[in-house]
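Look at the structure, then read on.

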Amino acid sequence: VQPNNYSTFYDDQRQNWSIMFESEKAAIDFSKQVCIAKCNSSPVLDSVLYQDLLLGEGQGVEGGDSLEIAYTGWLFQNNGLGQVFDSNVNKDKLLRLKLGSGKVIKGWEEGMMGMKKGGRRYLIIPPAWAYGSQGVAGRVPPDSTLVFEVEVKRVKLVKECSGSDGQSVSSRDSPAPSPVPNSDGFSAD
């Protein structure tokens with residue numbers, strides 16, 4: 001996924017290709033289908049597959065960083081999207097999590113690394129990286145592969161501290177200073 005509705009990829013001969021789409025929605029829908037095709041062409045899905053839908057801006061997140069996320073989760077059934085089993089998209093509350101804390105499934109911890117504020121990503125998570133043979137009673141059957149679309153709404157980098165002028169300072173290489181943090185420590189949308 002590239003800015004201005006472009007998508008770039010390379011084929012099995014290592015030839016680079018670019019496609020320009022007429023809308024952002026068309027580019028995102030195409031990217032989702034590519035991720036599903038990668039899943040369906042894998043003999044065994046033994047790790048998290050992910051596809052960026054929007055890249056976002058700023059620093060990529062790492063372990064220890066705190067995020068606020070909007071997400072929707074589907075069961076992967078019959079080689080495609082099945083029913084939605086969880087979502088917070090039309091709710092007032094975002095999911096808050098600290099990467100690497102072990103509070104969410106392993107597939108999220110792995111699949112969200114490197115995401116940026118404003119970024120959207122499609123994740124396809126095999127059972128071993130999700131709820132495994134237990135599943136979630138009444139919602140996720142045992143041994144289910146899951147699909148998530150996640151969007152990072154807010155980020156708080158673990159290595160941020162306040163400078164003498166009250167501006168937020170990050171110890172990571174940053175092309176532009178971060179905005180002054182608001183009362184909850186998250187940078188404003």
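What volume does the second largest pocket have? Its volume is about 240 Å³. This is a predicted model, where local features need pLDDT of at least 70, side-chain atom pairs count only at pLDDT 80 or more, and totals for chains, interfaces and linings use all residues. Residues are numbered from 1 along each chain as its sequence is written, and side-chain values use heavy atoms, with hydrogens and water left out.

A pocket is an open set of points on a 1 Å grid where a 1.4 Å probe fits, with protein on both sides within 12 Å along at least five of seven lines; lining residues have an atom within 4 Å of a point. The volume is the space filled by probe spheres set on the points, joined across faces, edges and corners.

The lining includes Val1, Phe30, Lys38 and Gln51. β1 (6-10) and α1 (24-40) each give two or more residues to this lining. α1 gives the most, with five residues.

| Class in the pocket lining | Residues |
|---|---|
| nonpolar | five |
| polar | four |
| charged | one |

The largest nonpolar core has 24 residues. Such a core joins buried residues (under 20% relative accessible area, 1.4 Å probe) through side-chain atoms within 4.5 Å. Leu67, Trp108, Met112, Ile125, Phe148 and Val150 touch the most other members. β4 (66-77), β7 (120-125) and β8 (146-156) each supply at least two residues. β8 gives the most, with five. Val150 touches residues including Ile69, Tyr71, Trp108 and Leu123 (heavy atoms within 4.5 Å), not counting residues up to four places away in sequence. A second, separate core of eleven residues includes Cys35, Cys39, Leu49 and Ile124.

Definitions and conventions:
Helices (H or I, at least four residues) and strands (E, at least two) are DSSP runs, numbered from the N terminus. Ala, Val, Leu, Ile, Met, Phe, Trp, Tyr, Cys and Pro count as nonpolar, Asp, Glu, Lys and Arg as charged, and the others, Gly among them, as polar. Buried means under 20% relative accessible area, exposed over 50%, partly exposed in between (1.4 Å probe, protein chains only).
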